[in-house]
Amino acid sequence: MWRGLNARQQAFLLAVVEARLPAGDGGWMLFSLDPAPDGPAGATILDGLRVAGWSTRGARSTLRALLERDLVTMQFGLVRLLDGRLAHRTRARALPFGHETAAAARGAAGEEDPFADGRNMCWVLEGFGADDRLHSVVELTRDQFLAIRDVFDLSADEWMIVGDHPLPLAARSRLQQVVASARFEAGVDYFLGARQDFRPAPEPS
């Protein structure tokens, strides 16, 4: 199951499983509050993911992908903040299969890295609208990403680090030259992230 998750889904699952925040009834962990309360960041799981460099755009969609795989469960509601404002509250809880999947991933962490030098990885261009819904998904090969990675403010190694990178507006035409299937809509934000890909390489013709 772990290998079937993209890098963003893996990060979100581990964040829920490893959360050490005060739990509510039944082990519910506070995932997010919208609007966020005043005060220092780090009060919710989503705050921690943001600090780690993950985009919060489409967070609910990512959680739902984990829910559909029986890895986590979610709960939504309204709460009143200390300043009197009402906030949308999302709580999450890892299910037994989620804990098992995370534990198996940790056990494999000490093995030889199968992703060194960008092996066994591909990159996914995702577009999210103002409603935080996923509007489009386009896969890039390693060679296609290498052809455009200089448009990102990343070092020679950072492009292989698990992350979710906003696609600069100036890079759209360049990417379309490399990936013919890429299409861009007005009002949609695009992000490029890595995921595992263990499909065998095509046989040389």
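Is D47 buried or exposed? At 11% relative accessibility, D47 counts as buried, where buried means under 20% relative accessible area, exposed means over 50%, and partly exposed covers the values in between, with a 1.4 Å probe and protein chains only. The structure is a predicted model, in which local features need pLDDT of at least 70 and side-chain atom pairs count only at pLDDT 80 or more, while totals for chains, interfaces and linings use all residues. Residues are numbered from 1 along each chain as its sequence is written, and side-chain values use heavy atoms, with hydrogens and water left out.

The protein has six helices and seven strands. These elements are DSSP runs numbered from the N terminus, helices being H or I over at least four residues and strands being E over at least two. Along the sequence they follow the pattern α-β-α-α-β-β-α-β-β-α-β-α-β. Of the 205 residues, 40% count as buried.

Side chains of opposite charge can pair when their charged atoms come close. Three salt bridges are found in a search of the whole structure, each defined by a side-chain nitrogen of Lys or Arg within 4 Å of a carboxyl oxygen of Asp or Glu. In one of them, D47 pairs with R50, and the closest N and O atoms are 2.7 Å apart. Both D47 and R50 belong to helix 2 (residues 45-51), three residues apart, which is about one turn of the helix. R50 has 41% relative accessibility and therefore counts as partly exposed, whereas D47 is buried.

Another salt bridge joins R57 to D189, with 2.4 Å between the closest N and O atoms. This pair links distant parts of the chain: R57 is in the loop between helix 2 and helix 3, D189 is in strand 7, and 132 residues separate them. R57 is partly exposed at 24% relative accessibility, and D189 is likewise partly exposed at 32%. A further contact in space involves D189 and P166, whose C-alpha atoms are 7.7 Å apart although the residues are 23 apart in sequence. P166 is part of strand 6 (residues 164-166) and is exposed, with a relative accessible area of 52%.

The remaining bridge is formed by the side chains of R85 and D83, at 2.7 Å from N to O. R85 is partly exposed with a relative accessible area of 31%, and D83 is partly exposed with 42%.

How many aromatic pairs does the structure hold? There are three, counted where the ring centres of Phe, Tyr or Trp (its six-membered ring) lie within 6.5 Å; planes under 30 degrees apart are stacked, those over 60 edge-to-face and the rest tilted. In the pair of F184 and Y190, the ring centres are 4.8 Å apart and the planes stand at 85°, so the arrangement is edge-to-face. Y190 is buried, with a relative accessible area of 3%. A charge also meets a ring elsewhere: R93 lies over the face of W28, at 4.5 Å from the ring centre, under a rule that requires NZ of Lys or CZ of Arg within 6 Å of the ring centre and within 35 degrees of the ring normal.

Rolling a probe the size of a water molecule over the atoms shows where empty space is left. On a 1 Å grid over the protein atoms alone, a cavity is a set of points where a 1.4 Å probe fits but cannot get out, and its lining residues have an atom within 4 Å of a point. One cavity of 30 Å³ or more is counted, and the largest cavity holds about 90 Å³ of space, a volume being the space filled by probe spheres set on the points. Its lining comprises 13 residues, with N6, E126, D164, G193 and A194 nearest the centre. Helix 1 (7-17), strand 4 (121-128) and strand 7 (189-196) each supply at least two lining residues, and strand 7 gives the most, with five.

Finally, the backbone at D70 deserves a look. Most residues other than glycine have a negative phi. The phi of D70, however, is near 60°, a positive value in a residue other than glycine. D70 lies in the loop between helix 3 (59-68) and strand 2 (72-80).

Conventions
1 Å grid on protein atoms, 1.4 Å probe; cavity = no way out; pocket = protein on both sides within 12 Å on 5 of 7 lines; lining within 4 Å.
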